[in-house]
Amino acid sequence: MNVEAADTYPTVAEIQAAIAGSFTTEDPQGFMAAPEFFQSLAATDHDEVALAMEAHCADPRFYWVALIDASQATVDSDSVGAYVTAARAEKASLVSPLGHSWYYGSYLIDFSDNEVPASMAVAGVAIRRMRTDGFREPPAGVRFPVYGVKGVAGIRVDDKVQAQLNPEGINVIRDLPNWGVVVWAARTVSPDPYYRHSTARVILNILAGTLRDAYDT
């Protein structure tokens with residue numbers, strides 16, 4: 001979603017309305033992202049927008065994936081401990097029983113030195129990998145680095161912090177020596193082990209869409 005320059009920023013209700021009308025059964029299944037909203041909204045509003053995206057993407061008529069970005073406040077944490085606490089709290093506020101929402105706790109630095117949410121880059125990585133390796137492979141890993149960015153903004157996550165966050169469904173972006181900027185996790189928000197991994201959700205979405213199209217009258 002892109003927000004054009006205007007005298008007033010859209011309200012949460014207006015954003016939710018835009019989300020509810022963003023795609024229909026006539027559209028191919030895909031990823032839904034709202035990076036500018038997540039970067040600019042307060043914590044409470046952030047959660048409301050995330051839940052609206054989840055509700056629309058999890059609707060059985062559609063079955064899409066919602067890419068949820070961290071808030072700017074989380075990314076701007078002044079220590080590793082504060083970042084871990086903030087990311088855990090933000091992720092805990094999300095509800096996604098069947099794994100339609102994926103949460104990303106990192107921002108990127110573009111070539112103009114702007115901090116930008118990671119969701120659109122994740123979507124790009126996912127599409128590249130699916131086209132190359134099929135739907136069973138996760139949208140992550142060193143073979144598919146993030147292009148068009150200089151680095152990772154905010155707290156740099158190391159292996160120790162990664163080991164804490166990844167099992168909890170907090171996906172991060174890493175800037176790895178000799179590899180560059182890579183998506184380094186692929187978990188959904190769901191606590192259910194059947195829906196914990198992003199590949200399971202993608203495959204189920206495709207199956208649901210195929211059956212829907214086959215039996216659509």
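1. The mean pLDDT of the protein is 92, and 96% of its residues reach 70 or more; pLDDT is the predictor's confidence in each residue, from 0 to 100. Over residues 1–6 the pLDDT is below 50, and this stretch has 11 contacts in the model beyond near neighbours in sequence (contact meaning heavy atoms within 4.5 Å).

2. The model is predicted: local features need pLDDT of at least 70 and side-chain atom pairs count only at pLDDT 80 or more, while totals for chains, interfaces and linings use all residues. Residues are numbered from 1 along each chain as its sequence is written, and side-chain values use heavy atoms, with hydrogens and water left out.

3. An open sheet of 4 strands has the order E1-E2-E3-E7, with parallel pairing. Strands (E, at least two residues) and helices (H or I, at least four) are DSSP runs numbered from the N terminus, and two strands pair if DSSP finds at least two bridges between them. Strand E1 (31–33) and strand E7 (170–171) are the edge strands, each pairing on one side only. Strand E2 (residues 65–69) and strand E3 (residues 101–104) are joined in the parallel sense over 4 bridges, and Ala-66 has Ser-101 in E3 as its bridge partner.

4. Helix H6 (residues 119–133) lies across E1, E2 and E3 and runs at about 165 degrees to E1. Axes here are lines fitted to C-alpha atoms, for helices over the stretch in contact, and angles run from 0 to 180 degrees between N-to-C directions.

5. An open sheet of 3 strands, in the order E5-E4-E6, shows antiparallel pairing. Strand E5 (115–117) and strand E6 (149–153) stand at the edges with a single partner strand each, so one side of each is left without a neighbour in the sheet. From one strand to the next, the twist averages 40 degrees.

6. Within this antiparallel sheet, strand E4 (residues 107–110) is joined to E6 by 4 bridges, and E4 pairs with E5 over 3 bridges. Ile-109 has a bridge partner in each of these strands: Gly-151 in E6 and Glu-115 in E5. Asp-110 stands opposite Val-149 in E6. The hairpin of E4 and E5 has 4 residues between the strands, and in it Asp-113 takes a positive phi near 65 degrees.

7. Strand E8 (residues 173–176) and strand E9 (residues 180–183) run antiparallel and are joined by 4 bridges. Arg-174 stands opposite Val-182 in E9. Their hairpin has 3 residues between the strands, and Asn-178 takes a positive phi near 75 degrees there.

8. The largest pocket holds about 200 Å³ of space. On a 1 Å grid over the protein atoms alone, a pocket is an open set of points with protein on both sides within 12 Å along at least five of seven lines, whereas a cavity is a set where a 1.4 Å probe fits but cannot get out; lining residues have an atom within 4 Å of a point. Grid points are joined across faces, edges and corners, and a volume is the space filled by probe spheres set on the points. Among the residues lining the largest pocket are Phe-31, Tyr-63, Val-65, Met-130 and Phe-135. Helix H8 (residues 198–215) gives the largest share of this lining, 3 residues. The lining divides into 7 nonpolar, 3 polar and no charged residues; Ala, Val, Leu, Ile, Met, Phe, Trp, Tyr, Cys and Pro count as nonpolar, Asp, Glu, Lys and Arg as charged, and the others, Gly among them, as polar.

9. The structure holds 1 cavity of 30 Å³ or more. The largest cavity has a volume of about 40 Å³, and its lining includes Val-75, Tyr-83, Gly-105, Val-152 and Ile-173.
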